[in-house]
Amino acid sequence: MTAGFSEVAPRSEQRASHTDREMVVRRLQQAAVEGRIDFHELDGRLEQALNAKTYGDLASLTADLPGTEGEGRGSAQGRPLVLKGGLHGVVRKGRWTVPPRLTAHGGMGGVVLDFTRVECSLHVVDIEVHGQMAGVTIVIPDSWSAETDDIDPGLGGVKDRTTPDRVLDSPFVRVTGTGGMAGVVVRHPKGRERRQLEREVKAIA
């Protein structure tokens, strides 16, 4: 029987997005800087990455490079860190270890994930959000970027206030899930938060 459009194709045959291609391009560039591939080979792989159609096409370009396992959608190993707002809410801030996958349930009290003081070596951080009654807020450094296109806005909606500009090799936050009643906000630090970060940097210097 001929496969219909409703059947889910194997991951390797699923279509890659611009973001997926961009992540592979960054990894290839980093590999060249590290001396893992020469610049002639880099040119060839970059051309293939920019013209890749599927996840399988992209995976073959980084299969021989360390540190790429688990970066694709749905391939991260292990269970995610699960945070539940409950009645009183949860705030994760300061210096904390960032896992490759997180799940945040806003509950009645809400969840705030603040990444502005973390040291993160991951290329991609996957966050599944469920806004529920109080919502989920994600704060990322100016050098990071985020993708929120795959969030179901629900009644509360999705507010992505991040900028597309990002420092090379800085983390990329991929957010999925549902907005629920209160919605989801993804943003960079606000003025007061930014001034506090600047004071902390000066105090350390």
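User: Which residues of helix α3 are buried, and which helices do they pack against?
Analyst: Helix α3 spans residues 55-62, and its buried residues are Tyr55, Leu58, Leu61 and Thr62. They fall within an arc of 125° seen down the axis of α3, so they line one face of the helix. Buried means under 20% relative accessible area, exposed over 50%, partly exposed in between (1.4 Å probe, protein chains only); the arc is that of the directions from the helix axis to the C-beta atoms. With contact meaning heavy atoms within 4.5 Å, the buried residues of α3 pack against α1 (18-33) and α2 (39-50).

User: What are the model and numbering conventions?
Analyst: This is a predicted model, where local features need pLDDT of at least 70 and side-chain atom pairs pLDDT 80 or more, while totals for chains, interfaces and linings use all residues. Side-chain values use heavy atoms, without hydrogens and water, and residues are numbered along each chain as its sequence is written, from 1.

User: Is Gly135 buried or exposed?
Analyst: Gly135 sits in the loop between β5 (124-130) and β6 (136-139). Helices (H or I, at least four residues) and strands (E, at least two) are DSSP runs, numbered from the N terminus. The relative accessible area of Gly135 is 5%, so the residue is buried.

User: What separates the C-alpha atoms of Gly135 and Gly183?
Analyst: Gly135 touches Gly183, and also Gly106, Gly110, Val111 and Ala182, leaving out residues up to four places away in sequence. Gly135 and Gly183 are 48 residues apart along the chain, and their C-alpha atoms are separated by 5.0 Å.
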